[in-house]
Amino acid sequence: MAPDATYYDEVRDNPEVIDPPKNEDMVEVSEQINDHTQLSAKANLADASSVRELLECPVCLNAMYPPIHQCSNGHTLCSGCKPRVHNRCPTCRHELGNIRCLALEKVAASLELPCKYQSFGCLGIYPYYCKLKHESQCMFRPYNCPYAGSECTVVGDISYLVSHLKDDHKVDMHSGSSFNHRYVKSNPHEVFSCFGQYFCLHFEAFQLGTSPVYIAFLRFMGDDSEAKSYSYSLEVGGYGRKITWQGVPRSIRDSHRKVRDSYDGLIIQRNMALFFSGGDRKELKLRVTGRIWKEQ
Ligand SMILES: [Zn+2]
Ligand SMILES: [Zn+2]
Ligand SMILES: [Zn+2]
Ligand SMILES: [Zn+2]
């Protein structure tokens, strides 16, 4: 081997010393998170509720996550509110500066809290910093009311929402996996029960670009993972013509508007819909037939 090659090998084996991170706070935080298991053994649930109060931002009242800020008197503030208080501590009016409250961040890391959907059946206990992420995906989190066309704010589990649709929105309930209905008005809401599940049929007029169209689609009352095990077909026609759509019901986690705006359903041009309706072509009298089945 030539002497030059040895020299280059040595250089490669001894890369330049990398400057230590300038931000010492960041180093400290990562160490603290590593030893949070030790601390969590000491924290018990009775302490947890008072610590939770400490972790509530005094301005927005939300739970605080790192970086948690504090003034020189020790009042804390969340990172979302910090830019909005013009460098004045909202509690004592002192200058806020740029001080992180590492102690509180460390205590937060030691907390383990039940999922906020405990009353809906979730038994999960999560470290403070993982709780939000879990809750955004928790399978027990309640569903929004799937009724379209109104700003209904009711939330609940599926059986609660089924009774709510029936009692409060006067939705027609059908049992069975196939249907054959004549629609004479826009925006009917119907719920089909089959395979021990509930499906909502939506039918409405909307504007696709510049063309007035109707869209019909099915939504599954449950999570997306389960929705995928079903398929459905819709058919509309008359006078020797027909349009068929086969699709996968969308979870009611997706808003009715989101599904509509993705055109994930049977789309019928208004002219065609009126043609299928016959008569004077002014009144909508569509016959939509459909079927739901479970994929293997
Ligand atoms: Zn805040
Ligand atoms: Zn202060
Ligand atoms: Zn949960
Ligand atoms: Zn509702």
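How much helix and strand does the chain hold over residues 57-93? In this predicted model, the chain there is 0% helix and 11% strand. The end C-alpha atoms of the stretch are 16 Å apart. An unreviewed UniProt entry annotates residues 57-93 as "domain: RING-type".

The largest nonpolar core has 34 residues. Phe-199, Ala-216 and Leu-266 have the most contacts inside it. Two or more residues each come from helix 7 (158-167), strand 10 (189-194), strand 11 (197-208), strand 12, strand 13, strand 16, helix 10 and strand 17. Strand 12 gives the largest share of this core, six residues. Contacts of Ala-216 were listed without residues up to four places away in sequence. On that count, Ala-216 touches Leu-201, His-202, Phe-203, Leu-234, Gly-265, Leu-266 and Val-288. A second, separate core has twelve residues. Among them are Leu-55, Cys-57, Cys-101 and Val-107.

Helix 10 spans residues 270-277. Its buried residues are Ala-273, Phe-276 and Ser-277. Seen down the helix axis, these buried residues fall within an arc of 105 degrees, so they line one face of helix 10. An α-helix has 3.6 residues a turn, so residues three or four places apart point the same way. The cover over the buried residues of helix 10 includes strand 12 (211-220), strand 13 (230-238), strand 16 (266-269) and strand 17 (286-294). Gly-278 follows helix 10 and has a positive phi, near 65 degrees.

Met-221 lies in the loop between strand 12 and helix 8 (224-227). Is Met-221 buried or exposed? Met-221 counts as buried because it has 24 C-beta neighbours inside 10 Å, and the cut-off for burial is 20 or more. Leaving out residues up to four places away in sequence, Met-221 touches Pro-146, Ile-158, Leu-161, Gln-197, Tyr-198, Phe-199, Cys-200 and Ile-252. Met-221 and Cys-145 are 76 residues apart along the chain. Their C-alpha atoms are separated by 9.8 Å.

Four strands form an open sheet in the order 9-17-13-14, with antiparallel pairing. Strand 9 (178-183) and strand 14 (241-247) are the edge strands, and each pairs on one side only. From one strand to the next, the twist averages 15 degrees. Strand 13 and strand 14 run antiparallel and are joined by seven bridges. Opposite Tyr-232 stands Gly-247 in strand 14.

Key:
Residues numbered from 1 in each chain as written. Chains lettered and ligands numbered in written order. Predicted model: local features only at pLDDT ≥ 70, side-chain atom pairs only at ≥ 80, totals over all residues. UniProt positions renumbered as here; feature names shortened; annotations may be inferred. Arc of directions from axis to C-beta. Contact = placed C-beta atoms within 7 Å. Core = buried A, V, L, I, M, F, W, Y, C linked by C-beta atoms within 7 Å. Pairing = 2+ DSSP bridges. Axes fitted to C-alpha atoms, helices over the stretch in contact; angles between N-to-C directions.
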